[in-house]
Amino acid sequence: MRDRYQVQFELDMSALTSRNNYEYLDLLDRGWSSVGLDRPAGGVLCDIGCASFWYAATLEVLFLPQRLVGVEVEGHRLFRDGRARIDYAAGYLARLPNAEFVVGDYTRYSEPADLITSWFPFLTATAILAWRLPLSLLAPQQLFNRIRHNLRPGGLFFMVNHGPDEAALAERLCVAAKLRRVAHWDGDGCLSAHRMLAPVLSWWQSEVPAGNRA
Ligand SMILES: C[S@@+](CC[C@H](N)C(=O)[O-])C[C@H]1O[C@@H](n2cnc3c(N)ncnc32)[C@H](O)[C@@H]1O
């Protein structure tokens with residue numbers, strides 16, 4: 001990964017965060033090349049539920065977006081050290097002048113994007129409660145409806161889920177939102193070996209012609 005993408009995450013990040021970036025880079029690299037889709041470049045890339053956006057550098061190096069936006073509803077929640085995700089995000093984005101961290105609920109977010117990414121979105125009550133978030137945030141159908149609404153014509157939605165059952169649930173929700181799956185891939189690999197369930201990657205486009213969008 002270091003040679004192919006000319007990155008050295010460990011120079012700017014902690015050992016754990018740089019290792020996690022290599023994992024996401026590896027998944028994107030192997031996933032995209034396995035399914036044979038063109039990798040979008042330029043345009044607006046919006047990542048949903050980006051946490052502290054610790055992987056912004058990976059998205060930047062893969063997609064070279066004109067604008068990179070991470071939307072996170074829990075951006076102001078305080079950690080034990082008195083900092084919030086927005087504070088950490090400021091550090092991760094310091095070297096990326098095209099990048100922005102937006103604190104907000106994506107189901108109400110309306111900026112169009114050419115590429116929308118979502119790593120492990122919450123789809124079940126169990127997942128939301130494990131993160132100590134209110135159940136009122138569990139609105140996966142609204143989330144996927146909003147993704148379809150915000151995708152620019154020809155745009156791509158890329159998602160990563162925990163294991164095949166969650167991916168199957170995500171598929172039902174995407175289909176109900178009029179998103180059409182264009183590819184999927186099981187991301188098992190040594191850099192993801194710490195996960196209980198292998199990541200499942202999928203790629204989606206809008207079924208709705210551009211002129212008929214709600
Ligand atoms: C399982 S975590 C994944 C975090 C990150 N994508 C990663 O790969 O490390 C899901 C994240 O989505 C955020 N989230 C949940 N619902 C959201 C919403 N409606 N709008 C924006 N962010 C949301 C949560 O606060 C949490 O940070």
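# Briefing on the predicted model

Strands β1 and β2 run parallel and are joined by 5 bridges. The structure is a predicted model. Its largest nonpolar core has 35 residues, and 17 residues surround the ligand.

- In β4, the residue opposite C46 is I116.
- Strand β1 covers residues 44-48 and is mostly covered, with 5 of its 5 residues buried.
- Both faces of β1 are covered: V44, C46 and I48 are buried on one side, and L45 and D47 are buried on the other.
- In a regular strand, side chains alternate between the two faces of the sheet.

**Strands β2 and β3**

- Strand β2 (residues 67-72) and strand β3 (residues 99-103) run parallel and are joined by 5 bridges.
- E72 stands opposite V103 in β3.
- Between these strands the chain crosses from β2 through helix α4 (residues 85-92) to β3, and this β-α-β crossover is right-handed.

**Nonpolar cores**

- In the largest nonpolar core, of 35 residues, those with the most contacts inside it are F53, L59, W119 and F158.
- At least two residues of this core come from each of α2 (15-35), α3 (56-63), β3, β4 (113-119), β5 (151-162), β6 (179-186) and β7 (199-206).
- The largest share of this core comes from α2, which supplies 6 residues.
- Leaving aside residues up to four places away in sequence, W119 touches Y24, L27, L28, D47, Y55, L59, F158 and V160.
- Another core, of 23 residues, lies apart from the largest one and has V69, V102, L123 and F157 among its members.
- In soluble globular proteins, nonpolar side chains tend to be buried together.

**Surroundings of the ligand**

- Of the 17 residues that surround the ligand, the closest are Y24, G49, E72, D105 and Y106.
- An N or O atom in the side chain of Y24 is 2.6 Å from an oxygen atom of the ligand; Y24 is also among the residues that W119 touches.
- A nitrogen atom of the ligand lies 2.7 Å from a backbone N or O atom of G49.
- For Y106, a polar backbone atom is 2.9 Å from a nitrogen atom of the ligand.
- E72, one of the closest residues to the ligand, is the residue that stands opposite V103 in β3.

**H184 and S202**

- H184 belongs to strand β6, and S202 belongs to strand β7.
- H184 is classed as partly exposed because its relative accessible area is 44%.
- S202 has a relative accessible area of 5% and is therefore buried, the cut-off for that class being under 20%.
- Not counting residues up to four places away in sequence, H184 touches V35, L201, S202 and W203.
- With sequence neighbours up to four places away again left out, S202 touches F157, F158, M159, R181, A183 and H184.
- The side chains of S202 and W204 make a polar contact at 2.8 Å.
- H184 and R39 are 145 residues apart along the chain, and their C-alpha atoms are separated by 14 Å.

Notes. Residues numbered from 1 in each chain as written. Predicted model: local features only at pLDDT ≥ 70, side-chain atom pairs only at ≥ 80, totals over all residues. Heavy atoms only, no water. Pairing = 2+ DSSP bridges. Helix = DSSP H or I, 4+ residues; strand = E, 2+ residues; numbered from the N terminus. Right-handed = clockwise from strand over helix to strand, strands pointing away. Core = buried A, V, L, I, M, F, W, Y, C linked by side-chain atoms within 4.5 Å. Buried < 20%, exposed > 50% of the residue type's maximum accessible area, 1.4 Å probe, protein only. Contact = heavy atoms within 4.5 Å. Near = heavy atom within 4 Å. Polar contact = N/O pair within 3.5 Å; in protein donor to acceptor, adjacent residues only side chain to side chain.
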